[in-house]
Amino acid sequence: MIRFVNVSKKYDKKSDYSLKNVNLEIGEGEFVSIIGHSGAGKSTLLKMLIGEEKPDSGEIWIEDIRVDKIKPQYLPFLRRRIGVIFQDFKLLPSRTVFENISLAMEAAGASKDTIKRDIPRLLELVGLAGKESKYPRELSGGEQQRVSIARALSHNPIILLADEPTGNLDKTNTYEIITLLLKINNAGTTVILATHDQDVVDKLKKRVVTLKNGEVVLDQTIGMYYI
(Lines give C-alpha, C1' and ligand atoms only; values in the text may rest on other atoms or scores of the structure.)
Protein backbone atom coordinates (compact mmCIF):
# COMPACT_ATOMS: atom_id res chain seq x y z
CA MET A 1 0.00 0.00 0.00
CA ILE A 2 2.75 2.45 1.05
CA ARG A 3 6.32 2.11 -0.22
CA PHE A 4 9.46 4.16 0.33
CA VAL A 5 12.15 3.08 -2.12
CA ASN A 6 15.71 4.33 -1.42
CA VAL A 7 14.38 7.68 -0.20
CA SER A 8 16.87 10.35 0.84
CA LYS A 9 16.36 13.98 1.85
CA LYS A 10 18.58 16.87 2.89
CA TYR A 11 17.17 20.30 3.64
CA ASP A 12 20.45 21.94 2.68
CA LYS A 13 23.89 20.80 1.56
CA LYS A 14 25.55 21.51 4.91
CA SER A 15 23.02 19.62 7.05
CA ASP A 16 22.88 15.93 7.85
CA TYR A 17 20.38 13.73 6.06
CA SER A 18 16.79 14.02 7.33
CA LEU A 19 16.16 10.70 5.63
CA LYS A 20 18.86 8.45 4.16
CA ASN A 21 18.25 5.48 1.87
CA VAL A 22 14.93 4.66 3.52
CA ASN A 23 13.24 1.50 2.30
CA LEU A 24 9.93 0.84 3.99
CA GLU A 25 6.69 -0.93 3.15
CA ILE A 26 3.44 -0.56 5.10
CA GLY A 27 0.51 -2.80 4.23
CA GLU A 28 -3.16 -1.95 4.07
CA GLY A 29 -4.75 -1.93 7.52
CA GLU A 30 -1.47 -1.91 9.46
CA PHE A 31 -0.80 0.09 12.62
CA VAL A 32 2.83 1.23 12.59
CA SER A 33 4.67 3.37 15.12
CA ILE A 34 7.59 5.44 13.80
CA ILE A 35 9.94 6.26 16.65
CA GLY A 36 13.22 8.08 17.12
CA HIS A 37 14.76 11.04 18.89
CA SER A 38 13.99 14.61 17.82
CA GLY A 39 15.49 15.16 14.38
CA ALA A 40 15.48 11.46 13.50
CA GLY A 41 13.27 12.06 10.46
CA LYS A 42 9.80 11.08 11.73
CA SER A 43 7.98 14.25 10.70
CA THR A 44 9.83 14.44 7.38
CA LEU A 45 8.65 10.93 6.54
CA LEU A 46 5.02 11.86 7.26
CA LYS A 47 5.27 15.13 5.32
CA MET A 48 6.48 13.22 2.29
CA LEU A 49 3.38 11.04 2.32
CA ILE A 50 1.14 14.08 1.85
CA GLY A 51 3.46 15.72 -0.65
CA GLU A 52 4.44 18.55 1.69
CA GLU A 53 8.11 17.61 1.27
CA LYS A 54 9.76 15.86 -1.66
CA PRO A 55 12.80 13.57 -1.54
CA ASP A 56 16.09 14.41 -3.19
CA SER A 57 16.17 10.85 -4.49
CA GLY A 58 14.07 7.70 -4.36
CA GLU A 59 10.40 6.90 -4.84
CA ILE A 60 7.31 7.18 -2.62
CA TRP A 61 4.17 5.23 -3.50
CA ILE A 62 0.65 5.06 -2.08
CA GLU A 63 -1.07 2.24 -3.90
CA ASP A 64 -0.47 3.05 -7.59
CA ILE A 65 0.22 6.77 -7.01
CA ARG A 66 3.82 7.92 -7.08
CA VAL A 67 3.61 10.71 -4.52
CA ASP A 68 7.03 12.26 -5.16
CA LYS A 69 6.11 12.88 -8.81
CA ILE A 70 2.52 14.02 -8.35
CA LYS A 71 1.60 17.32 -9.98
CA PRO A 72 0.58 20.16 -7.62
CA GLN A 73 -2.97 20.32 -9.01
CA TYR A 74 -3.54 16.69 -7.98
CA LEU A 75 -2.25 17.04 -4.41
CA PRO A 76 -5.69 17.95 -2.96
CA PHE A 77 -7.11 14.68 -4.33
CA LEU A 78 -4.26 12.71 -2.75
CA ARG A 79 -4.72 14.45 0.59
CA ARG A 80 -8.41 13.59 0.68
CA ARG A 81 -7.31 9.98 1.02
CA ILE A 82 -5.10 10.80 4.01
CA GLY A 83 -6.16 12.13 7.41
CA VAL A 84 -3.58 13.97 9.53
CA ILE A 85 -3.60 14.83 13.23
CA PHE A 86 -0.96 16.88 15.04
CA GLN A 87 0.34 17.52 18.54
CA ASP A 88 -1.11 21.05 18.67
CA PHE A 89 -4.67 20.18 17.45
CA LYS A 90 -4.81 23.09 14.93
CA LEU A 91 -8.40 24.00 15.80
CA LEU A 92 -9.82 27.45 15.03
CA PRO A 93 -10.55 29.02 18.45
CA SER A 94 -13.39 31.23 17.16
CA ARG A 95 -15.24 28.30 15.59
CA THR A 96 -17.41 25.67 17.26
CA VAL A 97 -16.68 21.97 17.13
CA PHE A 98 -19.24 21.61 14.33
CA GLU A 99 -17.71 24.48 12.38
CA ASN A 100 -14.14 23.22 12.76
CA ILE A 101 -15.13 19.92 11.19
CA SER A 102 -17.54 21.35 8.62
CA LEU A 103 -14.92 23.75 7.23
CA ALA A 104 -12.66 20.81 6.42
CA MET A 105 -15.56 18.93 4.84
CA GLU A 106 -16.57 21.94 2.75
CA ALA A 107 -12.99 22.27 1.50
CA ALA A 108 -13.17 18.64 0.40
CA GLY A 109 -16.38 19.30 -1.52
CA ALA A 110 -18.94 17.77 0.85
CA SER A 111 -22.54 18.93 0.52
CA LYS A 112 -24.44 20.59 3.37
CA ASP A 113 -26.63 17.50 3.73
CA THR A 114 -23.57 15.27 4.00
CA ILE A 115 -22.04 17.57 6.61
CA LYS A 116 -25.21 17.62 8.73
CA ARG A 117 -25.47 13.84 8.50
CA ASP A 118 -21.84 12.93 9.11
CA ILE A 119 -20.67 15.28 11.86
CA PRO A 120 -22.92 13.80 14.60
CA ARG A 121 -21.74 10.32 13.55
CA LEU A 122 -18.10 11.38 13.70
CA LEU A 123 -18.50 13.00 17.10
CA GLU A 124 -20.18 9.88 18.44
CA LEU A 125 -17.27 7.80 17.11
CA VAL A 126 -14.72 9.91 18.99
CA GLY A 127 -16.79 10.16 22.17
CA LEU A 128 -17.97 13.76 21.82
CA ALA A 129 -21.64 13.29 21.01
CA GLY A 130 -23.67 16.40 21.84
CA LYS A 131 -20.69 18.79 21.89
CA GLU A 132 -21.20 20.26 18.42
CA SER A 133 -21.77 23.79 19.78
CA LYS A 134 -18.77 23.87 22.13
CA TYR A 135 -15.75 26.06 21.40
CA PRO A 136 -12.20 24.68 21.74
CA ARG A 137 -11.61 26.74 24.90
CA GLU A 138 -14.51 24.88 26.53
CA LEU A 139 -12.90 21.50 25.92
CA SER A 140 -10.05 19.65 27.62
CA GLY A 141 -6.87 18.92 25.71
CA GLY A 142 -7.98 15.34 25.15
CA GLU A 143 -11.35 16.49 23.84
CA GLN A 144 -9.70 18.96 21.49
CA GLN A 145 -7.56 16.17 20.07
CA ARG A 146 -10.71 14.10 19.57
CA VAL A 147 -12.17 16.94 17.52
CA SER A 148 -8.98 16.92 15.44
CA ILE A 149 -9.38 13.19 14.89
CA ALA A 150 -13.03 13.61 13.88
CA ARG A 151 -11.95 16.30 11.41
CA ALA A 152 -9.22 14.04 10.02
CA LEU A 153 -11.75 11.25 9.50
CA SER A 154 -14.39 13.49 7.91
CA HIS A 155 -13.40 12.59 4.34
CA ASN A 156 -13.14 8.82 5.00
CA PRO A 157 -9.36 8.53 4.55
CA ILE A 158 -7.68 5.22 3.86
CA ILE A 159 -4.61 6.34 5.85
CA LEU A 160 -4.41 8.26 9.13
CA LEU A 161 -1.12 9.97 10.00
CA ALA A 162 -0.68 10.92 13.65
CA ASP A 163 2.33 13.18 14.36
CA GLU A 164 3.01 13.16 18.11
CA PRO A 165 -0.77 13.28 18.83
CA THR A 166 -0.35 12.76 22.58
CA GLY A 167 2.60 15.11 23.10
CA ASN A 168 0.49 17.71 24.96
CA LEU A 169 -1.70 15.27 26.90
CA ASP A 170 -1.56 13.68 30.33
CA LYS A 171 -1.43 9.90 30.77
CA THR A 172 -5.19 9.43 31.03
CA ASN A 173 -5.94 11.39 27.86
CA THR A 174 -2.99 9.75 26.10
CA TYR A 175 -4.44 6.31 26.81
CA GLU A 176 -7.87 7.37 25.55
CA ILE A 177 -6.47 8.82 22.30
CA ILE A 178 -4.39 5.71 21.61
CA THR A 179 -7.42 3.52 22.31
CA LEU A 180 -9.36 5.58 19.79
CA LEU A 181 -6.59 5.22 17.18
CA LEU A 182 -6.69 1.45 17.68
CA LYS A 183 -10.47 1.50 17.21
CA ILE A 184 -10.05 3.40 13.95
CA ASN A 185 -7.38 0.94 12.82
CA ASN A 186 -9.59 -2.03 13.69
CA ALA A 187 -12.23 -0.56 11.37
CA GLY A 188 -9.76 -0.88 8.48
CA THR A 189 -7.86 2.43 8.33
CA THR A 190 -4.08 2.24 8.06
CA VAL A 191 -2.57 4.20 10.98
CA ILE A 192 0.97 5.57 11.10
CA LEU A 193 1.91 7.03 14.48
CA ALA A 194 5.05 9.15 14.93
CA THR A 195 5.89 9.32 18.62
CA HIS A 196 8.67 9.51 21.18
CA ASP A 197 6.40 8.22 23.98
CA GLN A 198 7.93 4.98 25.24
CA ASP A 199 4.87 3.93 27.27
CA VAL A 200 2.57 4.29 24.25
CA VAL A 201 4.79 2.20 21.99
CA ASP A 202 5.35 -0.53 24.57
CA LYS A 203 1.64 -0.89 25.34
CA LEU A 204 0.51 -0.97 21.70
CA LYS A 205 2.35 -4.20 20.86
CA LYS A 206 2.21 -3.27 17.19
CA ARG A 207 4.87 -2.92 14.52
CA VAL A 208 7.60 -0.40 15.36
CA VAL A 209 10.01 1.22 12.91
CA THR A 210 12.97 3.00 14.51
CA LEU A 211 14.69 5.93 12.78
CA LYS A 212 18.13 7.19 13.78
CA ASN A 213 19.86 10.02 11.93
CA GLY A 214 17.39 9.59 9.09
CA GLU A 215 17.96 5.86 8.63
CA VAL A 216 15.76 2.88 9.45
CA VAL A 217 17.82 1.01 12.04
CA LEU A 218 15.15 -1.38 13.34
CA ASP A 219 11.82 -2.77 12.12
CA GLN A 220 10.01 -4.93 14.67
CA THR A 221 6.81 -6.81 13.91
CA ILE A 222 5.71 -6.50 17.53
CA GLY A 223 7.98 -3.81 18.85
CA MET A 224 9.20 -2.12 21.96
CA TYR A 225 10.74 1.33 22.31
CA TYR A 226 14.43 0.67 21.80
CA ILE A 227 16.91 3.34 20.69
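Colleague: In which sense do strand β1 (residues 2–9) and β2 pair, and over how many bridges?

Modeller: Strand β1 and β2 pair in the antiparallel sense, with five bridges. Two strands count as paired if DSSP finds at least two bridges between them. Strands (E, at least two residues) and helices (H or I, at least four) are DSSP runs, numbered from the N terminus. This is a predicted model, in which local features need pLDDT of at least 70, side-chain atom pairs count only at pLDDT 80 or more, and totals for chains, interfaces and linings use all residues. Residues are numbered from 1 along each chain as its sequence is written, and side-chain values use heavy atoms, with hydrogens and water left out.

Colleague: What is the strand order of the open sheet of four strands?

Modeller: The order is β2-β1-β4-β5, and the pairing is antiparallel. Because β2 (19–26) and β5 (65–66) stand at the edges with a single partner strand each, one side of each has no neighbour in the sheet.

Colleague: Which residue in β2 does R3 stand opposite, and which strands does helix α1 (residues 42–49) touch?

Modeller: R3 stands opposite E25 in β2. Helix α1 packs on this sheet and touches β1, β2 and β4 (57–62), its direction making about 120 degrees with that of β1. Contact here means heavy atoms within 4.5 Å. Axes are lines fitted to C-alpha atoms, for helices over the stretch in contact, and angles between N-to-C directions run from 0 to 180 degrees.

Colleague: How is the packing of two helices described?

Modeller: Two packed helices are described by the angle between their axes and the distance between those axes. Here, helix α3 (residues 97–107) and helix α5 (residues 141–153) pack at about 30 degrees, with axes 9 Å apart. That angle makes α3 roughly parallel to α5. The classes are roughly parallel (under 35 degrees), roughly antiparallel (over 145), roughly perpendicular (65 to 115) and oblique (the rest).

Colleague: Is the crossing of α3 and α5 left-handed or right-handed, and which residues meet?

Modeller: The crossing of α3 and α5 is right-handed. A crossing is right-handed if the near helix is turned clockwise from the far one by less than a right angle, and left-handed if anticlockwise. From α3, V97, N100, I101 and A104 meet V147, A150 and R151 of α5. By class, this contact has five nonpolar, one polar and one charged residues. Nonpolar covers Ala, Val, Leu, Ile, Met, Phe, Trp, Tyr, Cys and Pro; charged covers Asp, Glu, Lys and Arg; the others, Gly among them, are polar.

Colleague: At what angle do α3 and helix α4 (residues 112–125) cross?

Modeller: The axes of α3 and α4 cross at roughly 125 degrees and come within 10 Å. The two helices are therefore oblique to each other. α3 passes α4 in a right-handed crossing. Residues V97, F98, I101, S102, M105 and E106 in α3 meet T114, I115, D118, I119, L122 and L123 in α4. The contact of α3 with α4 has, by class, eight nonpolar, two polar and two charged residues.

Colleague: How do the axes of α5 and helix α6 (residues 171–186) cross?

Modeller: They cross at roughly 15 degrees and come within 10 Å. This makes α5 roughly parallel to α6. The crossing of α5 and α6 is right-handed.

Colleague: What is the strand order of the open sheet of six strands?

Modeller: The order is β6-β7-β8-β3-β9-β10, with mixed pairing. Its edge strands, β6 (82–85) and β10 (215–220), each pair on one side only. From one strand to the next, the twist averages 20 degrees.

Colleague: How many bridges join strand β7 (residues 159–163) to strand β8 (residues 190–195)?

Modeller: Five bridges join β7 to β8, and the two run parallel. L161 stands opposite I192 in β8. Helix α6 packs on the sheet, touching β3 (31–35), β6, β7 and β8, and its direction makes about 155 degrees with that of β8. Five bridges also join β3 to β8, again in parallel, and F31 has V191 in β8 as its bridge partner.

Colleague: Where do the side chains of a regular strand lie?

Modeller: In a regular strand, side chains alternate between the two faces of the sheet. From β8, T190, I192 and A194 point one way and V191, L193 and T195 the other, and all are buried. Since six of the six residues of β8 are buried, the strand is largely enclosed by the rest of the structure.

Technical notes
Buried < 20%, exposed > 50% of the residue type's maximum accessible area, 1.4 Å probe, protein only.
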